[in-house]
Amino acid sequence: MTGLAYPEISPVMFAIGPLAVRWYSMAYLAGILAGWALINRTVARYRLGLDKTQVEDLIFYLTAGIIIGGRLGYAVFYGGAEMWLRPWHLLEIWKGGMSFHGGVLGVIAAILLYARKIGYPFLGLTDLIVLYAPIGIFLGRLANFVNDELWGRPTDVPWAVRFPNGGYLPRHPSQLYEGALEGLVMFVVMNALWRIAAVRRRQGTVSALFVLLYGCFRIMLEQFREPDVQLGYFFGSVTMGQMLSVPLIVCGITALALIWRRA
């Protein structure tokens, strides 16, 4: 049989009595904690005018936005009828089922509220956050791999993986593709741009490039990812992830044009 055997990794990291700590939950926690530490360092290094208490509050708002937006986005875009017939499933975050696009909307709402509360430029906060958002994306995609979910389409490439939930067919490990591009590559690109003074001065540039690049990467990577079974394809070959990424590209290009024209 072609393809690599799926490493039998339990989705439960460890258990204490009835309490099971899952890799998926810990991936989000680790991403948030890493972002918290790095944002504090960046604020101090570049003198961005936020104290540690404000950064802590910002992380709280972001966490709420990620969880609420990501979960509601999944229910709306991917959940299907079952999610609405059993709405308590919305609370079962540890089982997976988070939408990046919903998370983006939740984070935007959270940043708007917090920026208005402390009188800080909205785009100044978004630029700071997108520097380290790829860390969470990377860890989240690794957790998808461990959870044996969001696997790719059948293929005969030498590195194909036989996922148990995918019927043991050799498939693209699309979670790892996404982790590499949406996570590692985005992290390097965003932080390289941030080091350019002209880019930092034009608030919103890094944020606009983040959503633009993510949209492009996601549309490309959806070519390797199996669409959600409850949704399938739209218009014969288009996935939900691709349709949701088009507005990101449009918003990114429009924002870049406005920011640099204004500058």
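I shall describe the strands and then turn to the nonpolar cores.

Please bear in mind that this is a predicted model.

I begin with the sheet. Three strands form an open sheet in the order S1-S4-S5, and their pairing is mixed. Strand S1, residues 4-5, and strand S5, residues 170-171, are the edge strands, each pairing on one side only. Strand S4, residues 161-162, runs antiparallel to S5 and is joined to S5 by 2 bridges. Within this pair, arginine 162 is found opposite proline 170 of S5.

A further pair of strands deserves attention. Strand S2, residues 12-16, and strand S3, residues 19-22, are antiparallel and share 4 bridges. Here alanine 15 faces alanine 20 of S3. The hairpin of S2 and S3 has 2 residues between the strands, and glycine 17 adopts a positive phi near 60 degrees.

I now come to the nonpolar cores. Which residues have the most contacts inside the largest core? They are Leu125 and Phe210, in a core of 39 residues. The elements that each give two or more residues to this core are helices H1, H2, H4, H5, H6, H7, H9 and H10. The largest share, 8 residues, is supplied by H9.

Let us look at phenylalanine 210 in detail. Setting aside neighbours within four places in sequence, phenylalanine 210 contacts Phe100, Val130, Ala133, Pro134, Ile137, Met186 and Met190.

Finally, there is a second, separate core of 5 residues, among them Tyr6, Phe145, Val161 and Phe163. Of these, Val161 also belongs to strand S4, residues 161-162.

Thank you for your attention.

Conventions:
Residues numbered from 1 in each chain as written. Predicted model: local features only at pLDDT ≥ 70, side-chain atom pairs only at ≥ 80, totals over all residues. Heavy atoms only, no water. Pairing = 2+ DSSP bridges. Core = buried A, V, L, I, M, F, W, Y, C linked by side-chain atoms within 4.5 Å. Buried < 20%, exposed > 50% of the residue type's maximum accessible area, 1.4 Å probe, protein only. Contact = heavy atoms within 4.5 Å.
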